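I opened the model to look up a few residues and their surroundings. My notes follow.

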Amino acid sequence: MDQVKANAIALRDECERLARQAEKDMLNPELSPEQKQEAQDRAKVYWQMSRDHADTVYHAEVARPERHTGRNKGTQKKTEERAAFIRMVADELDTSNREAIASQALGGHAARVRTLWRAEGENARRKLLTFMKNNRIP
């Protein structure tokens with residue numbers, strides 16, 4: 001498919017070049033009216049062909065777009081905020097016990113937990129523990 005796209009790009013560019021050349025010929029005052037009409041028809045045909053090749057380029061891209069690598073672009077801002085919050089609570093308690101950190105976060109900072117994880121109660125506690133485990137925080 002890549003070769004089809006490359007060929008279509010080359011043909012599109014060549015047809016545009018020929019169309020522009022035919023338009024210049026059409027404006028030549030030395031030509032007879034019949035020759036000018038012929039140059040005009042030639043320019044029209046080349047423009048139509050260039051648009052056809054442009055459509056081929058477009059459809060080739062739709063059929064096989066550039067590869068999506070799916071690579072991680074780094075830690076997201078929300079994750080960094082959550083990790084900083086967990087570290088702050090851990091520093092307040094001076095412990096690395098995840099259960100204690102989750103209990104302290106829910107007890108003393110319930111509003112902050114609600115905004116960061118959009119959860120309350122037991123569901124928020126479970127999310128906090130899972131987050132700490134997955135991100136290896138304390």
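I started with S50, which lies in helix α2 (residues 33-63); helices here are DSSP runs of H or I with at least four residues, numbered from the N terminus. The model is predicted, so local features need pLDDT of at least 70 and side-chain atom pairs count only at pLDDT 80 or more, while totals for chains, interfaces and linings use all residues. Residues are numbered from 1 along each chain as its sequence is written, and side-chain values use heavy atoms, with hydrogens and water left out.

Leaving aside neighbours within four places in sequence, S50 is in contact (heavy atoms within 4.5 Å) with R12, C15 and E16. Other buried residues of α2 include A43 and V57. The cover over the buried residues of α2 includes α1 (2-26).

Next I looked up the largest nonpolar core, which has 18 residues. A nonpolar core is a set of buried Ala, Val, Leu, Ile, Met, Phe, Trp, Tyr and Cys residues joined through side-chain atoms within 4.5 Å. F85 and V113 are among those with the most contacts inside this core.

V113 is in helix α5, and its relative accessibility is 1%, so V113 counts as buried. I noted that V113 and F85 are 28 residues apart in sequence and 8.8 Å apart in space, C-alpha to C-alpha.

How values were computed. Buried means under 20% relative accessible area, exposed over 50%, partly exposed in between (1.4 Å probe, protein chains only). Helices (H or I, at least four residues) and strands (E, at least two) are DSSP runs, numbered from the N terminus.
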